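Please look at the sequence and the structure before reading on.

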Amino acid sequence: MKKRFPSWTLGLVGILLLILVPVLYFLPRAQAKNDPASYIPEKPVHVDHTDIVQGEFKTGQDVTRACLECHEDAAAQMMATTHWTWESKEFNVPWRDEPVTIGKANQINNFCIGSQGNEVTCTSCHAGYGWEQGRETQQANPENVDCLACHADMGVYGKSKYGNPAESVDLLAAARSVRTPTRENCGKCHFDGGGGNGVKHGDLDESLYFPSESLDVHMGGENDMQCVDCHWTEDHQILGRMVADNYTIDPKEQVSCEECHINQQHEDERINTHLASVACQTCHVPALALEDPTKITWDWSQAGQEGREDDHFTYLKIKGEFVYDKDFAPTYLWFNGNNEYRYILGDPLGKDGVTYINKPAGSIDDQNAKIFPFKLHVAKQPYDVKNNYLLQPVTSGEGGFWTTFDWNSAFELAQEKIGLDYSGEYGFATTYMYWPTTHMVQPANEALQCESCHGENGRMDWEVLGYPGDPIEWGGR
Amino acid sequence: MKKYTLITLVGLTILALAFGINAVLAAPEPVPASQASVLHPDFALLDANGVNVLESNGAVSTIQTCGQCHDTEFIVSHAFHSDLGLNAYNGNSETLNSSSGLFGEWDPMTYRFLSPAGDERLDLSTAEWLMLNGARIVGGGPAETSRNGKDLTNLSPNKADPETAILNEDSSVSAWQWDESGTMEMNCFLCHLETPNNEARVEAIQSGEFGNATTATLLGLNIVSEADGAWSYNTEAFNAETGELKNDLLGIQDPTNQNCAACHGEVHATEEPLTFNACDLDYPQTATTGQVVSAQSINDSGVNLANKNELDRSWDVHAERQLQCTDCHYALNNPSHASELQSSNPEHLVYDPRSLEIGEYLERPDHNFARGESAQFNVAPEYKGTMRRCENCHDASKGHADWLPYIDTHMEALACETCHIPQMYAPAIQSYDWTVITTDGSAVENCRGIEGTPNDVTSLVTGYEPVLLNRTNVDGDTMLAPYNLITSFYWVYDDASGNARPVRQIDLEAVYLENGKYAADIVTAFDANGDSQLSSDELTIDSSAKEEAVKAKLTALGLDNVRIEGMVQPYSINHNVTKGEYAVNDCKACHGADSRVAQSIKLADSAPVMPVFDGNNNVNGTGEIVKGEDGALYYQPAPANDKMYVFGSSRVNWIDWFGALAFAGSLLGVIGHGTMRMFAARKQPKGAVRTERVYMYEPYRRFWHWLQTFTIVLLLFTGLIIHRADIFGAFSFRGIVTVHNVLGIILVINAALSLFYHITTDKIREFIPHPYGFFDDAIVQAKYYINGIFKGEGHPFEKLPTSRMNPIQKATYFAILNVLLPLQIITGVLMWAVQKWPEIAGGLPFLAPFHSLVAWLFGTFIVVHVYMTTTGATPLEAMRAMVTGYEEVEKHEPHEEAKKVKKEKK
């Protein structure tokens with residue numbers, strides 16, 4: 001019988017193996033690149049709803065009903081999120097005997113102060129309809145969930161009073177445009193929070209609708225990342241928590257750079273030694289409000305002046321005086337991801353002339369803390385002189401400050417609506433609110449360099465951070 | 001108090017304390033921390049007599065003032081910055097260099113010549129030398145002391161003595177009154193104040209008021225002011241009770257980079273976009289090399305730099321990393337650099353506690369600073385190589401471990417700067433032509449690395465790639481390092497004693513200029529386009545007519561043997577280091593066609609004379625100075641002259657020619673032979689030869705043969721790629737080197753095992769030619785190849801499993817296995833060993849060409865060997881046998897002649 005392969009082929013294979021195996025073993029090869037972009041989640045294939053959605057829709061609730069016919073669980077899922085409740089889970093805080101919740105629904109900030117009593121306008125950024133029904137009724141009804149706020153093309157959809165669709169909106173067209181949320185959906189509220197473009201965050205504003213790579217390396221450039229590429233969503237629960245509206249945050253609930261930049265070290269060993277005490281953002285978000293300015297101070301005590309000319313960036317009669325700034329260095333604090341303090345309605349004012357709306361937790365001795373960049377927003381906002389706590393005025397709507405320009409009536413109205421006692425005497429207190437900055441990330445060549453922090457002209461105040469001196473000379477922690 | 005209130009309060013208090021100061025705005029402006037030492041006490045300012053200046057209103061004496069606590073005498077006597085070569089001054093008037101320092105070493109760029117005593121024509125007297133170099137002189141040394149060690153103030157004015165004379169503008173000479181001008185003490189303030197007034201200091205020096213220079217350094221600090229030539233001290237700056245100066249006004253500090261910059265070159269430490277003064281000898285380090293010390297990113301600078309946006313690296317990585325000049329150039333007895341001092345300990349002594357205490361150091365700090373081995377600074381050569389160099393901080397074997405093969409070899413041959421300063425981004429001086437002068441009496445200067453006039457905002461800075469030259473370190477090692485080359489041309493004459501002297505600037509002005517304009521006869525001689533103006537193109541000596549015209553006028557001034565000379569001087573580049581990712585890190589940058597190692601550099605656009613390479617330094621100018629087709633002058637490095645062999649770039653031409661000829665010759669030979677056989681075969685009747693199937697090659701023979709075949713062919717191929725990396729651009733140089741090495745090891749193992757097999761089985765005998773009758777047999781075999789093979793005759797020797805080779809084969813294999821193969825293995829192994837022992841067996845410059853030569857011979861052998869296999873029963877029969885083991889061999893009576901031979905033997 002003739003063999004299928006002559007025996008010498010075996011020898012040939014052996015010879016080739018003898019050569020190839022060692023050569024391939026010793027051949028220098030490039031380290032396998034750990035490509036962060038490969039972790040960007042793949043989105044489900046878009047289903048065009050143009051032919052599925054039929055209408056006709058008279059109200060937002062009509063649209064939601066249609067959505068729920070197929071997406072049966074969507075409303076229930078949505079109603080379990082803070083986007084719906086505007087309130088955090090319960091926290092036990094050391095300065096209160098009872099657990100507290102924090103959120104737009106029940107607490108204040110140092111921008112527009114609070115939404116309670118101001119639902120008519122504030123809820124234009126709520127993912128729900130029907131706030132004219134009152135909070136309890138509104139919250140109980142799944143049909144009030146506003147699917148379109150997050151899923152419609154923002155070119156054909158918009159919201160107005162009490163969270164309802166703006167009158168000019170063609171609800172059928174809006175409903176047919178639904179898709180995975182884009183930066184336009186998120187940006188509508190998160191870029192314009194606090195009453196206008198770039199007011200609140202130093203790192204989120206309308207410049208991110210069409211960002212260049214130099215503005216944000218993730219959202220600009222080839223990856224064109226959308227918010228939901230990092231803020232991964234499961235059953236409408238969106239990853240990532242706003243520290244200003246929480247007390248502590250489980251790291252699992254937070255977005256972190258390491259989700260995609262896994263084991264990605266800098267080529268320079270010196271930079272890697274920083275990672276134990278410096279957050280990624282500290283170097284890679286070297287400046288805030290790169291294109292559009294953000295508000296850094298807000299003085300409510302100047303509001304209501306007759307005859308003073310309004311100017312969007314410096315003074316508005318209804319709001320008072322502001323300072324906007326752009327392309328400026330953040331404030332640096334040790335930060336472990338939690339708040340050390342969050343002002344709860346009724347809390348007393350700070351003793352030393354500053355009341356903190358929130359105060360990031362962490363210190364040089366806290367091994368979980370890293371130096372982190374913040375936007376500090378300083379405000380002068382009303383407080384009750386006798387009761388020694390911050391007040392929350394009713395501003396919008398009938399009888400609100402924006403109509404009457406009378407603070408007393410605004411606080412009295414608030415006492416009715418919120419139940420916060422007003423003694424009849426108000427003043428203005430300085431408050432600090434810290435906003436962690438994590439967007440507008442810059443590529444390596446635009447990140448902070450050694451001399452940005454170290455040396456004569458460095459931007460860090462080392463002694464305030466708890467170091468004996470510049471750690472390049474005095475050593476780190 | 002409730003628990004939470006307490007915690008809140010404590011927290012609030014801490015934060016309020018921390019942030020309350022910057023209460024309102026978000027980003028606190030960084031306040032530059034004062035560098036002034038808080039430790040330095042207040043002290044009295046004393047004059048030269050040791051009297052408080054508040055009483056005497058005299059000039060400040062640093063020797064007296066600082067000498068209250070510091071041993072100023074020690075400091076001055078241990079400071080080459082002060083000495084500037086005075087100690088080494090030998091007064092030798094036969095050469096242009098009478099010292100190795102600024103005081104006595106002639107610099108063709110600054111040009112003026114410090115006249116030794118007894119010179120026929122006075123050029124620079126000591127006083128004028130001080131004025132000319134004032135910006136770079138710290139005081140003490142030649143500013144106080146005469147060449148033979150006396151105080152300058154003790155010299156009596158004498159216009160015949162260059163130490164007490166001055167050359168006037170009209171060429172006359174006057175005496176210099178040192179007691180009027182005063183002398184300059186070493187100026188501690190210049191380097192130890194935060195903001196010394198260097199401008200006022202230089203102005204005082206340049207106007208010849210040497211005694212006022214130190215006090216002028218304090219002007220503008222609210223301490224002292226000048227009115228009508230007298231000093232007036234601000235009493236508010238002093239403590240009323242003690243009469244001591246308030247220290248915070250001075251800001252006494254360790255020298256910062258800015259202090260060093262005052263004399264050395266451009267340093268930039270603020271956030272303002274960087275701009276610099278290029279090709280300006282007031283910033284010598286920047287002018288001569290383009291070195292700029294700044295932490296700023298190049299693309300943030302204010303320089304109009306080509307491709308600036310892509311340059312996101314800092315000007316100098318060490319400045320970026322916060323290093324100060326003094327971190328490497330430290331005071332040699334500074335106890336904080338004790339680890340360097342301890343490096344001379346005996347080996348068994350790990351640490352020696354007997355070092356200076358900080359207090360002792362502060363009293364007597366050694367002001368001879370640690371220094372490198374640059375080509376341009378030769379003062380106090382005994383301190384060369386004392387500095388922290390790259391390897392004192394960086395471990396190259398670890399830093400390059402992840403990518404660079406042959407690390408030791410690279411580090412032996414290359415200074416770190418060679419790769420880590422790949423490009424200069426500031427212009428540097430290219431040439432200085434003093435054979436002609438401009439109307440303001442200066443030389444015609446040319447800059448490299450810029451398109452347009454230096455320091456003009458519309459000029460495009462391109463930067464330049466330094467030339468790589470071999471330098472010899474003080475320890476005798478040689479290595480490639482980056483340099484700028486500056487070429488100077490100048491007129492020289494012989495003075496009455498026959499010593500060559502540069503023609504004095506004042507004489508050049510007399511020749512070229514009349515009332516601030518070019519003299520009419522000069523215009524006539526130089527004006528090519530007849531517009532009665534001298535353009536910059538015309539202002540060069542490019543014809544013998546021009547040369548003769550100037551020469552005649554110089555001779556008329558009484559100068560003998562006037563001639564043009566030129567000199568090429570290397571300037572070391574050690575700063576502006578960049579980190580690995582921006583360094584030269586592509587193998588082919590050097591191992592390829594346009595190798596960086598052999599890259600030439602332009603010396604001058606035109607040359608009135610061929611310059612010589614300055615030998616008065618540690619650089620080996622073994623390359624060639626050549627005139628290009630464009631008329632410009634180039635320096636062409638010749639790595640081979642420095643015993644360098646760079647794979648992919650270096651080669652020995654005759655070996656390649658010889659090898660290629662041998663290879664091509666054998667190829668032609670076998671083609672010719674084969675063609676003739678083919679034609680001959682047609683005439684021969686076919687099938688005449690009776691063959692028989694024989695089991696010729698057992699499996700191991702076939703195995704080792706083919707393994708060796710594959711490895712040798714691949715070795716030749718990869719070797720060729722390494723040898724000529726320039727024509728095999730598609731391959732990774734580094735990968736091919738690895739493959740070549742691995743194949744070499746496979747070949748050696750295979751050869752060793754095969755040898756073992758042949759010895760143990762006694763089959764080695766087959767390969768050993770029998771000396772008895774060898775030549776007869778060989779002649780028979782050769783005759784067969786020349787003649788019989790064409791006639792269809794059978795092979796003269798029968799191929800048998802026990803004796804497969806004919807005599808010629810045996811001889812050939814004997815040579816290959818005993819000569820070529822061992823040679824190739826030995827040279828290959830030695831080339832590998834060069835990593836550890838660079839000089840072994842002549843080093844790469846010998847081994848590598850040898851290895852190439854043997855490789856060519858191997859290639860030649862393969863051609864013939866393969867052809868010979870076709871001479872079997874059928875052309876492919878032998879090859880088939882080596883695959884399957886069975887061969888059809890001729891079964892015939894031995895050839896007639898062979899039979900005869902055999903009979904005769906019997």
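The questions and answers below move from one chain to the other.

This is a predicted model, in which local features need pLDDT of at least 70, side-chain atom pairs count only at pLDDT 80 or more, and totals for chains, interfaces and linings use all residues. Residues are numbered from 1 along each chain as its sequence is written, while chains are lettered from A and ligands numbered from 1 in the order in which they are written.

Reader: How many helices and strands does chain A have?
Author: Helices (H or I, at least four residues) and strands (E, at least two) are DSSP runs, numbered from the N terminus. On this basis chain A has 17 helices and 12 strands.

Reader: What percentage of the residues in chain A are buried?
Author: A residue is buried if 20 or more other C-beta atoms lie within 10 Å of its own, exposed if 12 or fewer, and partly exposed in between, with C-beta atoms placed from the backbone. Chain A has 477 residues, and the buried share is 40%.

Reader: Which helices do the buried residues of H9(A) pack against?
Author: Helix H9 of chain A covers residues 183–190, and its buried residues are Arg183(A), Asn185(A), Cys186(A), Gly187(A) and Lys188(A). Packing is judged by contact (C-beta atoms, placed from the backbone, within 7 Å). The partners in chain A are helix H7 (147–151) and helix H10 (227–230).

Reader: Which helix gives the most residues to the side of domain 2 of chain B that touches domain 3 of chain B?
Author: The domain bounds come from an automatic or database domain assignment, which places domain 2 of chain B at 270–407 and domain 3 at 428–642. In this pair, 26 residues of domain 2 of chain B are in contact with 33 residues of domain 3 of chain B. On the domain 2 side, helix H13 (284–289) and helix H14 (317–320) of chain B each give two or more residues. The most, 3 residues, come from H13(B).

Reader: How are H26(B) and H30(B) placed to each other?
Author: Axes are lines fitted to C-alpha atoms, for helices over the stretch in contact, and angles run from 0 to 180 degrees between N-to-C directions. The axes of H26(B) (residues 699–723) and H30(B) (residues 843–868) come within 11 Å and cross at roughly 135°. Angles under 35 degrees count as roughly parallel, over 145 as roughly antiparallel, 65 to 115 as roughly perpendicular and the rest as oblique. H26(B) and H30(B) are therefore oblique.

How values were computed: Two residues are in contact if their C-beta atoms, placed from the backbone, lie within 7 Å.
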